[in-house]
Amino acid sequence: MVKDYIAHIRTSDGAEQLLVDHLKEVQYIAEEIGQKIGLKHVTGLAGMLHDMGKFSDAFQEYIREAVANPSNPPKRGSVDHSTAGGKFLMEHFQRVNPFLVECVANAIFSHHGQLLDMVDMDGLSPFVNRMTSEKNIYLSQVKQRFLQNVYDLSYMKNYIKKAAKELETYLESKLKNTKTNEEAANVIQKETSLITIFIFSALIDADRRNSRAFEEQEEIIPFDIQSLWKIFEEQLSKDLTEKQKKSIPNEITILRKQMSIDCFDKASLPTGIYTLSIPTGGGKTLSSLRFALRHAQIYQKERIIYIVPYTTIIEQNAQEVRGVLNAEDYVLEHHNNVIEDTEHNENLSYKEYQVARRLNMAKDNWDAPIIFTTMVQFLETFYSGKPRNMRRLHNLANSILIFDEVQSVPIHCVSLFNEVLNFMKNTCNTTSILCTATQPALQLVRNNIENDGELVKDLSKIIEAFKRTTITPILKNEGWNTDEIKEFIEESLLTRNNLLVILNTKRAVHDLYEQLKYANFDVVHLSTGMCPAHRKKKIEEMKLKLKKKEKFLCISTQLIEAGVDISFECVIRSLAGLDSIAQAAGRCNRNGEVKLQDVYIFNHAEESLSKLPTIKSGGECSHYIMKDLQDNPALFGGYLLSTEAMEHYFNHFYKMFDLMLNYPLPKHKTSIYELLFRVDTDENKAYIKGPGRQYPLATLASYKTAFSHFEVIDTKTHGVLVPYGEGENLISQLIGCEPIDDYQVFLKKAQQYSVNLFQHDFEALKKNNQLIVVQFGTFNIYVAKETAYDDQFGISVQGEAQLDDCII
């Protein structure tokens, strides 16, 4: 009689999930995922073997003891169950196809952690160390039971043969255009790295979905996605018709309609990477959605994912799409949140582990038809190394990605971003749309994208028609000091009702506000030191002032440049990159209230940009172009923000930062790009000449090392919940240990009342005793005291906030 080997025991009723069922069910889910990229058996192999080690007597005793003795259970992770499947593969099948076996084995080894380095910075192999470890994993016992209870050796050989054939076909297709052995080796390194990451994503999600379905006794009913696309398209068409009926017929509204039609007509184009260069105010959100809904029906795409630069504009864009499509239950917002992980060590009690699982389930898993997320979340899906992030990666396959303000890709992430887009197109059957009025010319850098074309016709004509501002540089050799800026603002407001000033640093904004706060007109301050709810309130108040034609001034950091639908009579912008200048100009005369309004560009003498090199260098590039235009007014079509000027700007800008584009790691004299995608690194050469003689490897990527250094924002930030508005109630709920019924709703609310602080500000708050740390299961939530939040400036690191003294 065959013994019942178990994988999990349900918390609620003690029911047991048989190990054979779990392995086969995870295999089937993983196969469905792999099928999307033609690697069904490759991902299925990882699924069927991932928990092979649970067949050991040691694990079976461990899991039963954990449930039978919850007050004093055995230490979590004390029995290694994730090495056996990978080791079985390596020992028996590496010769069949070493690329296949190493990719899959690494995913199996790592499915409770992070992918291992094949070769590390010392020229050694943690992957080989894991495989050759002397720790007893009972492989002989485990292997025998797997072959008796799950699949016999004949089935395994046949299955692995199919998987090997899939991967061989895949790699051959990528090697068609290579000309040298060196080039071929680097292509294989890149492709096997990306495939390993995909296998890891497929395995993590298949395992967790199956475990959750068993634990919660739930059957997830998939969306009838193609029917939804058709319904959504009908809703969008109806909404656009209504908008067009209400719009004033002029050149702008006619062009908006034409650009929307262009996007619809171009939706029959094949899967690819396309640009959508609609000028600010041209309706790119709904035009891109129109393309996506039609394209999704033609090519059977599964998801539409909007990637925006900042969390602050996710909510408004998502709400617009929800409203237009009448799709409340089908649009998912994925924010960062205020929770910070503490170290997930193996010392958690059973109760702590259950709390952690419940909190993790509150995190969105991107299993929805339409998703809004940030550039940070998108890039972390590939490069963070964290299972929670990388689990979502496979859901990007066979989808449509719409990047809003794509020029916001951080300079050190450009090459990594481009490789993702190429992988999405060439392997994952995913279409990307790069939306911005200021296209960053990603096709011109070394590790570039393949741009398949622009979605709107007659772009130069459209840009000219949407020209609503006159951009005037007022640069001085010595720059403008704060007193001079103040005088210029006061003079400008003599003939205008409102004015927007955008500066590059919070300090400069603060200093100018202090100079003007007692002026004979209202002054509004905006910065990222305020929580989103606070900023939203300020923006709504300004819109009311604009409607009433009240005289006021807004002084802001560049946060107002992205996704804020507001229009001033005049904008004054501190010198920055041409893309920022274009965004600033988009907040002036936005709706064509008059024919042309003024945008002034000045150089601020008192801004400290030493820690903001991209803004500083971007400003220098813009300055050169302004000088060139002054010398030859016919250059770039005679317009500072023309497509020709923008391409020239980004080409020059990227050349200035050429050494930054691959995410350099100066201390290690390498880059994340090289660690993941290049075979000819010094570390790899050292391994091949040394340990590699005894344990030769086909793949050499340094996954864990690369991921451990990856940060989209290279300065670490901390989320802090602040006592503004409803934030006070959330803080009371936390500190008072009141029960939280719905973690997802709580976290979403908390996001609106949180501020992300750079490390130095965070440390200053701690030093000044202005932070409270609330333990939340295995997580920390940082809470600001009342004295740390000011109604004028937001976070006050000195703890000198004046909540009642508000000048608007």
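Trainee: About how many helical turns separate Tyr649 and Phe653 in helix α24?

Mentor: About one helical turn, because Tyr649 and Phe653 are 4 residues apart in helix α24, residues 643-656; helices here are DSSP runs of H or I with at least four residues, and strands are runs of E with at least two, numbered from the N terminus. Bear in mind that this is a predicted model, in which local features need pLDDT of at least 70 and side-chain atom pairs count only at pLDDT 80 or more, while totals for chains, interfaces and linings use all residues. Residues are numbered from 1 along each chain as its sequence is written, and side-chain values use heavy atoms, with hydrogens and water left out.

Trainee: And how many aromatic pairs does the structure hold?

Mentor: There are 34 aromatic pairs, where rings of Phe, Tyr and Trp (its six-membered ring) pair if their centres lie within 6.5 Å, and planes under 30 degrees apart count as stacked, over 60 as edge-to-face and the rest as tilted. Tyr649 and Phe653 form a stacked one, with 5.6 Å centre to centre and 15° between the planes.

Trainee: Switching to sheets, what is the strand order in the one with β3?

Mentor: That open sheet of 6 strands runs β3-β9-β8-β4-β7-β5, with parallel pairing; two strands pair if DSSP finds at least two bridges between them. Strands β3 (273-276) and β5 (331-333) stand at the edges with a single partner strand each, so one side of each is left without a neighbour in the sheet.

Trainee: Which residue is the bridge partner of Thr275?

Mentor: The partner of Thr275 is Leu434 in β9, and β3 is joined to β9 (residues 431-435) by 4 bridges.

Trainee: What about the sheet with β10, which order do its strands take?

Mentor: Its 6 strands form an open sheet, also described as parallel in pairing, in the order β10-β15-β14-β11-β13-β12. Within it, β11 (residues 498-502) and β13 (residues 552-556) pair in the parallel sense over 5 bridges, and Ile502 stands opposite Ser556 in β13.

Trainee: Which strands does helix α19 lie across?

Mentor: Helix α19 (residues 482-492) lies across β11, β13, β14 (570-574) and β15 (597-602), contact meaning heavy atoms within 4.5 Å.

How values were computed
Axes fitted to C-alpha atoms, helices over the stretch in contact; angles between N-to-C directions.
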